[in-house]
Amino acid sequence: MADITSNLLEQVQDAVADKAALNLIGGNTKHFIGRGPVGQAVSLKNHTGVISYRPTELVVTARAGTTIAEIQALLAKNNQTLVGEPPAFNGKATLGGSVAAGISGASRPFWGSLRDAILGVRLINGYGEHLRFGGQVMKNVAGYDVSRLQAGAFGAFGIITEVSLRVRPKSEGTTTLVFECDAPSAITLMRDLSVSAHPLSANAWYAGQLFIRLSGSHSAVNSSVETLGGEVLENQDLFWRSIRNFRHPFFTNTTQSLYRLSVSPSAPHFEQWGETLIDWAGGVRWVYSEQPLSSLSNTASLHTGHATCYRPLERTGECFHPQQDVAMHVHQNLKMAFDPHCLFNPGRMYSWLGQAEAQGDNSQ
């Protein structure tokens with residue numbers, strides 16, 4: 001792997017000399033998120049392998065190109081799993097890409113996100129330096145957490161080469177219950193259940209059906225099933241995978257832009273957008289709309305949240321929630337600190353985060 005790392009460093013150093021933008025690619029499974037990529041492709045698909053795995057300490061370290069499926073298969077041998085249920089995307093999603101995109105599955109409100117599990121990363125910055133942040137133990141984080149800063153940054157700060165993660169034991173038993181109800185009733189019930197003693201691991205609503213997943217000891221799950229009632233969902237794993245991998249029937253609409261609103265779980269049902277899929281126990285609302293991002297961002301802001309255009313029809317406009325001036329300056333200062341030549345995924349998140357500078361350099 002030393003040769004692959006050396007090649008990555010050489011690519012960065014050449015890009016600095018040529019003032020060229022770099023398009024970072026893992027499994028390319030999340031290409032539909034964000035603004036259109038620019039620059040020369042840098043593939044991480046050969047930078048693979050689990051570096052260390054300590055089951056008794058619940059810690060795994062792997063190279064960025066290692067697939068989520070491979071890591072999950074290794075953890076399963078010790079009845080463990082990744083925190084946050086990151087999507088595998090037909091076995092092609094990579095660890096580095098999953099961290100960079102910051103996507104987590106339905107258990108996020110109950111067990112935390114993939115970002116929460118990050119203990120350390122190795123990163124190639126815009127100076128061509130291979131740096132290490134954090135470590136492989138849970139007490140290592142002190143001060144500003146640069147490791148977790150990479151989660152959801154879409155590669156704006158450098159090339160992630162390694163990630164150390166906390167993992168969790170699998171639940172002894174899991175059952176998903178289905179209830180017939182409308183969206184407002186589902187939101188109320190999800191809010192009430194969130195403060196109950198039931199071993200919840202996921203709540204979602206779609207097309208008149210509320211899905212409640214229970215995970216824990218067999219006795220706790222069975223007790224909750226008896227108390228709550230409802231119908232037991234067959235093939236429950238397929239259902240939850242279909243949502244986090246964007247294979248659920250809701251995600252088949254290709255005529256409108258797909259938006260994700262992250263809001264307070266107590267926010268009312270947004271009837272104005274028609275077909276809706278509610279996830280994260282009410283905290284995420286998936287909707288389709290022909291309206292601009294600004295309109296949906298305003299709605300999300302009214303409910304202490306933010307909006308993202310996940311699958312834009314046109315990839316030239318902004319896709320992420322607008323930032324206030326102070327937050328913009330923080331983003332730009334971080335970009336300059338890690339990537340002063342604006343090499344990495346310029347403009348992928350925001351048009352003002354590097355793209356103009358990189359394009360300007362390339363035109364000289």
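The model is predicted, and local features are reported only at pLDDT of at least 70 and side-chain atom pairs only at pLDDT 80 or more, while totals for chains, interfaces and linings use all residues. Residues are numbered from 1 along each chain as its sequence is written, and side-chain values use heavy atoms, with hydrogens and water left out.

Eight strands form an open sheet with antiparallel pairing, in the order β12-β9-β11-β10-β14-β15-β13-β16. Because β12 (231-232) and β16 are at the edges and have a single partner strand each, one side of each is left without a neighbour in the sheet. Here strands (E, at least two residues) and helices (H or I, at least four) are DSSP runs numbered from the N terminus, and two strands pair if DSSP finds at least two bridges between them.

Strand β13 (residues 257-262) has six of its six residues buried, where buried means under 20% relative accessible area, exposed over 50% and partly exposed in between, with a 1.4 Å probe and protein chains only. In β16, R260 stands opposite T308, and L258 has R311 as its bridge partner.

R260 also meets an aromatic ring: it lies over the face of W280, 4.7 Å from the ring centre. Likewise, the charged end of R285 sits over the ring of F270, at 5.3 Å from its centre. Such a contact requires NZ of Lys or CZ of Arg within 6 Å of the ring centre and within 35 degrees of the ring normal.

Rings of Phe, Tyr and Trp (its six-membered ring) pair if their centres lie within 6.5 Å, and planes under 30 degrees apart count as stacked, over 60 as edge-to-face and the rest as tilted. F250 and F251 make an edge-to-face pair, with 5.2 Å centre to centre and 80° between the planes, and both residues are buried. These two belong to a cluster linked by ring pairs, together with F32, F89, Y206, F246, W286, Y288 and Y310.

Helix α8 holds W240, which is buried at a relative accessible area of 3%. W240 and T176 are 64 residues apart in sequence, yet their C-alpha atoms are 9.6 Å apart in space.

Helix α8 also gives five residues, the largest share, to the lining of the second largest pocket. That lining divides into nine nonpolar, ten polar and seven charged residues, with Ala, Val, Leu, Ile, Met, Phe, Trp, Tyr, Cys and Pro counted as nonpolar, Asp, Glu, Lys and Arg as charged, and the others, Gly among them, as polar.
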